[in-house]
Amino acid sequence: MGRDTVRMGKQRNSLTPKLLIFMVSVVVVVVIVMIILLRNGESKTDKARGCESNGDCTPGSMCAAGGCLVMLSDENMGMWHDDIMAQIDAGVPWRPLSAFGEKITPTPICPAKQGKVTSPDKKHTTPKVAVTVYEIDVDRIKIHKQKKVQGTMWLDSIRFWFPGKKTLSTTDLCVSASVDRVALASKTAHGYQGTRVDASLRQSIPVGAVASAALTARSDLPKEKKDGMRTLSFPLPPVTGREAIARTVLAVPLGTDLLSIEGPPPIRQRLLTGYVAYYWTHGDSQSDVTVVFRVPATKMGNLDLDELNP
């Protein structure tokens, strides 16, 4: 019994190196496979996060400054490519093509002053112009709103509404020089949560004259998904009034991956300095637009509102 026991022990000891070699081999194979998978994943992720040519983008999109950009069917991709390259080359002066429309009024007063505001009387107010601009930045979104209204009585205030789940505060708002103070309230309109802002005018506007005011709201970007994509939805409220004009603009930095635009197609697309703008004109019934996008890591510069002219 003793000899057998010793012999069996020696056999177990002789097998141990073989087992170790086998286990090491398995670990090496697993590590190699993981490295290959990680590299493949990185290459796919890098490709998904940008583009080098139009072939990296879906049909109907072009590679613009490293981001796939949805293009309207009547746009010439070759001309866009030349204009974008002209912007990237600092030695070449470049300006966007002229456009004639509504000038966006600056909103230099920040933050807005909060106070009591006389509510606008819709029965005695006729809308003339309503412009909304969604300006996408790499770390936030700005919503610019401008209104022009005419009254059958003296006007003291103009009502605005900003969509968004988060209720705005005065620290989120900047106003034009024509606005004295604002009053805010949480409000659901057009099927969206938002903030109603009544803006008191510095001067009362007489009967028949046109009152104008502009506000800018700053808020967080929509929540980012694992692939970096974000989804933004916004309404195109119906136009009210025979002579009223209502337009909405989406402006994204060059290099943005704009995956899709769902809803009514934009009526126009323009290349601006460092930005691309899409324009919508509102109809007599509400429409909704949903865009899926990914912001670039950096941008070429700030949006020049003077170039928009919606």
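A: The largest nonpolar core has 48 residues. Leu69, Ile136, Phe162, Leu173 and Leu215 have the most contacts inside this core. The model is a predicted one.

Take Leu173. Beyond four places in sequence, Leu173 is in contact with Ile109, Cys110, Pro111 and Ala112, among others. The list for Leu173 also includes Phe162, Leu168, Val182, Leu184 and Val197. Leu215, Thr216 and Ala217 are on the list for Leu173 as well. Two of these partners, Phe162 and Leu215, are themselves among the residues with the most contacts inside the core.

Now Leu69. Is Ser61 buried or exposed? Ser61 has a relative accessible area of 8%, and buried means under 20%, so Ser61 is buried.

Next, the sheet. Seven strands form an open sheet in the order β6-β9-β4-β3-β11-β14-β13, and the pairing is mixed. Strands β6 (173-175) and β13 are the edges, each pairing on one side only. From one strand to the next, the twist averages 15 degrees. Helix α2 (residues 77-88) packs on this sheet and touches β13 and β14. The direction of α2 makes about 35 degrees with that of β13.

Strand β13 (residues 268-271) pairs with strand β14 (residues 275-281) in the antiparallel sense, over 4 bridges. Leu271 stands opposite Val276 in β14. The two strands β13 and β14 form a hairpin, with 3 residues between them. In that turn, Gly274 has a positive phi of about 80 degrees.

Finally, confidence. The chain averages a pLDDT of 87, and 84% of the residues score at least 70. Residues 1-14 fall below 50. Beyond near neighbours in sequence, residues 1-14 have 0 contacts in the model. Over residues 40-48, pLDDT also stays under 50. For residues 40-48 the model has 3 contacts beyond four places in sequence.

Methods
Residues are numbered from 1 along each chain as its sequence is written. This is a predicted model: local features need pLDDT of at least 70, side-chain atom pairs count only at pLDDT 80 or more; totals for chains, interfaces and linings use all residues. Side-chain values use heavy atoms; hydrogens and water are left out. Two strands pair if DSSP finds at least two bridges between them. pLDDT is the predictor's confidence in each residue, from 0 to 100. Contact means heavy atoms within 4.5 Å. Buried means under 20% relative accessible area, exposed over 50%, partly exposed in between (1.4 Å probe, protein chains only). A nonpolar core is a set of buried Ala, Val, Leu, Ile, Met, Phe, Trp, Tyr and Cys residues joined through side-chain atoms within 4.5 Å. Axes are lines fitted to C-alpha atoms, for helices over the stretch in contact, and angles run from 0 to 180 degrees between N-to-C directions.
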